[in-house]
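Student: I would like to go through this model feature by feature. Where do we start?

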Amino acid sequence: MLTENHATATPPSPVTMAAPLYPIELTVNGTRHQFEIETWVTLLDLLRERMLLTGSKKGCDHGQCGACTVLSNGRRINACLALAVSQNGHEITTIEGLADGNQLHPLQQAFIDHDALQCGYCTPGQICSAVGLMREGEAHTTAGVRELMSGNVCRCGAYPQIVQAVSQVMGIAPAAQPEAPVRPTVVGTVLS
Amino acid sequence: MTELIEPLKTPTAEPGTGMVQPGMSVSRVDGRAKVTGAARYAAEHPAADLAYGVVVNSTITKGRILGFDLADALRVPGVIDIITHSNRPRMRPFKLSYKDMTAPGGFPFRPLYDDVVFYSGQPIALVLAETFEAARHAATLVRPDYAVEPHETELAAHLHRAHDPHGLKAGFAPPPKEKGHAQAAFDAAPVKIEAEFHSGVEHHNPMELFASTVIREADGHLTIYDKTQSSQNSRWYVSHVFGLSSRKVTVRNPYVGGAFGSGLRPQYQLPLAVMAALKLKRSVRVVLTRQQMFTFGHRPETRQAIKLAAERDGTLVSIQHDAVAETSRREDYTEVVVNWSGQLYACDNIRLSYHLVDLDNYTPIDMRAPGAAHGVHALEIAMDELSYALQMDPLALRLKNYAEIDPTKNLPFSTKALRDCYTQGAARFGWDQRPAAPRSMRKGNEWVGWGMATGTWDAMQMFARASAVLHADGRLVVSSAATDIGTGTYTVMAMIAAASMGLPMERVTFQLGDSTLPVAPIEGGSSHVTTVGSAVEGACEKLQKRLLKLAKALPDSPFAKAKIDEVEFADGTLRLRARPEVRIELPQLLQHAGEARVEVKYLMLPDALKQRKYQRATHSAVFCEVHVDEDFGTVRVTRVVSAIAAGKIISAKTAHSQITGGVVWGISQALHEETLQDHRLGRFMNANFAEYHVAVNADIHDIEVIFVEEDDRVVSRLGAKGVGEIGLVGVAAAVSNAIYHATGRRIRDTPITPDKVIAA
Ligand code: FES
Ligand code: FES
């Protein structure tokens, strides 16, 4: 039996003083906010834990899944990879800021119509990502949508419907028509 | 308890949804909550005075914790406490107290119970701080001291320790005993194949991180938002582990960001968060990291061998299927790997075996289509190999050996429209255009191939309770402690209730996700619709009888002589079938009867006596096209047709998504997913989304879903069977078979990464 202490090799430097606070100003969903915040707080944790805007999701905290996608000055970014202080002065739009009152953003409506979600956990990131995608103007085909939406993992596997929803809003043909809200299923037909 | 529980924010269909019938395509009732970010998951419920917990995991695989150096961690400003096995609050000492409702044989791991480390990544401490950031930083400063013992984590190196599984587990049946003489028949047969298969470890990786928010109320009551497939299972576990009565703990899971089996058992963040709340006497949130999502259950590494033999006309004469899988030292995790091979094809000689090897890993846990994902995969590749050995079309071989009854149990199928799946799937795919020989189709630099496979899964029903309350304003609230992990439970249950009561769907709310609601089973095994759905319909039927009784008692009632089968509930009214103009609006009925609400409770028990006489299963036929790059061995699955026989489809839209999602899982299993272990360290190496690959949007192309007609009143009164797993089963085999057809290279292991395609 051998004894080992795994931590002795390179001990991280202990913090014994409270982390200093920095003043920042963010416009979140159209409203200006001021914060005194430590540098180690990510934009995602600021939104979720301090502003209780939990629509932006944490799926990995490492920029590997896209669940935290928000718009910063109109560009889609991974909020988990952005330190809040680095966003000073930016305009942030989260999923909570897309609808106009009760009137959903066309992408939000298209996601419902196409059932482009199951558990819904990746959905806010998918929708914010699609808003950013549309603004970029790079995707012109469904294949382009697939490729450029691939930074947003959906473990439920709603990809085909996500492509349909985004393509429909972008006016990319040939997107399958959304099903009428209530349509009887004819057994033996192909639903897609 | 069956009023709407406000904090659950239970969604209801959009106004204008209107009347619905089973089989319709209705938008998800929780859609708006999810696309606006309003739906709150386990880590997202606010609490005053919340402390944040971050877990520290072991860096050794086996041994003992000698002690901790906590000095630096405790000095981090904002740190409140660090809980380890030596200063935790009291936990029950009995091993039995830690068994949750779905625990397999053996005794589960007890988090922070003692100094024993039995797997790599085991939680050993919980750092609590005023902010998440302070807790996260301090967690890096916790310095455990270990006495290390040698570990064994490699399945291949310990096959000699394979043993029969001990103990029981829900959904598991050991392999049946041999039918006929499988080896003798194999030896004597003119055409035969033998093959071995290996599937690596997979992790579920739902997008939502495992999390528990424990909200401590002034009187000490704990309301816990937990990521789980059963609020009642988590409640049971917390009560047993900490000796807290059921009145002192409520568990809620109104929204679950995927689970795929990982939430069938309480995971360690739950007891850790609870012990912190008990110790600190305040509310606590513990969220695991993506890396920590690889430190509890997984789909077990499995090795299989199959031997098939046939007459020259394709008649199967022998099926032999052996499987060995890993489990932990503490529990015998079991799943049905080989039994499918005794169920899918008619054959007189069948021998099946299933064994386990105990390793120093965490106990595996059911992952979408547990067992079948491996077993049917191997069988369906073997069948493909046999078809080439026979020079027979793969589909023709399956039809030749179509099982009209279950060949090992000798039972009829309750329903089995697999033939329709084959026919309709093949027609839609254009299977008759398939050239027989491998390497016959090419496009540019890519070989193109077509493959197919059969899928099957159990059609299960458990027991459940539901309550239904009709309010004076005409709203119907139906409740059961069910779960919606993205499956569409909110939607399908509201549809069943609305259709049954003849109410517009927006007037019906199905409430789930709270342990105080009527008993529901754990959401798993594709059984929620057959079980909870039947309970919902049963409750509505009971409600109808109560309402008719009220109507009969009204002064000068036109219903005075009406029997239940002479009336109907439609368009929001109770009316006579023969004279629909004789009707009363339901709110009016309550008003006249002087009732503010009418409530019924219903217990749904499966008709076990009847069900026992049948084999009950769902089936599928999967057809797919792959493109394989000649030089790089990269595979693209360009087209999939999945034809499903799963009983009556109740909610067409969400069922369609379930199958599509299952197909995506199958493609991901076939091409991407494997958690690799460094056996020197006993640790998983690729514990993150950058290195553990799951299918992304660019990996997925056309997927078509066909539901063939089936209506199974043995499995459930609704005619439904369940669609959660069947979409996945057989997909990876179809992909593998298509790769063979494209390239002439047979790859039996998953995942089929480019290196394997090139090397084959
Ligand atoms: S949470 Fe930011 S990319 Fe995953
Ligand atoms: S909807 Fe569940 S992860 Fe995308």
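Tutor: With burial: a residue counts as buried when its relative accessible area is under 20%. The model here is predicted. Tyr362(B) has 15% relative accessibility and therefore counts as buried. Phe118(B), at 6%, is buried as well.

Student: How are the rings of Phe118(B) and Tyr362(B) placed?

Tutor: A pair of aromatic rings is described by the distance of the centres and the angle of the planes. For Phe118(B) and Tyr362(B) the centres are 6.3 Å apart and the planes stand at 45°, so the pair is tilted. Phe118(B) sits in the loop between β6 and β7 of chain B, and Tyr362(B) in the loop between β17 and α7, 244 residues apart.

Student: How many aromatic pairs does the structure hold over all chains?

Tutor: There are 22. One of them, Tyr98(B) with Tyr113(B), is edge-to-face, with 6.1 Å between centres and 80° between planes. Tyr98(B) and Tyr113(B) are both buried.

Student: What area do chain B and chain A bury between them?

Tutor: The size of an interface is often given as the accessible area lost when the parts come together. Here chain B and chain A bury about 6,800 Å², 56% of it on carbon and sulfur atoms. In chain B, the most area is lost by Val35(B), Met207(B) and Asn697(B), together 12% of what that side buries.

Student: How many salt bridges cross the interface of chain B and chain A?

Tutor: The rule finds 7. Asp702(B) and Arg146(A) form a salt bridge, at 3.7 Å from N to O. Polar contacts between the two chains come to 29 residue pairs.

Notes. Residues numbered from 1 in each chain as written. Chains lettered and ligands numbered in written order. Predicted model: local features only at pLDDT ≥ 70, side-chain atom pairs only at ≥ 80, totals over all residues. Heavy atoms only, no water. Buried area = accessible area lost by both parts, 1.4 Å probe. Salt bridge = Lys/Arg side-chain N within 4 Å of Asp/Glu carboxyl O. Polar contact = N/O pair within 3.5 Å; in protein donor to acceptor, adjacent residues only side chain to side chain. Phe/Tyr/Trp six-rings, centres within 6.5 Å; stacked < 30°, edge-to-face > 60°. Buried < 20%, exposed > 50% of the residue type's maximum accessible area, 1.4 Å probe, protein only. Helix = DSSP H or I, 4+ residues; strand = E, 2+ residues; numbered from the N terminus.
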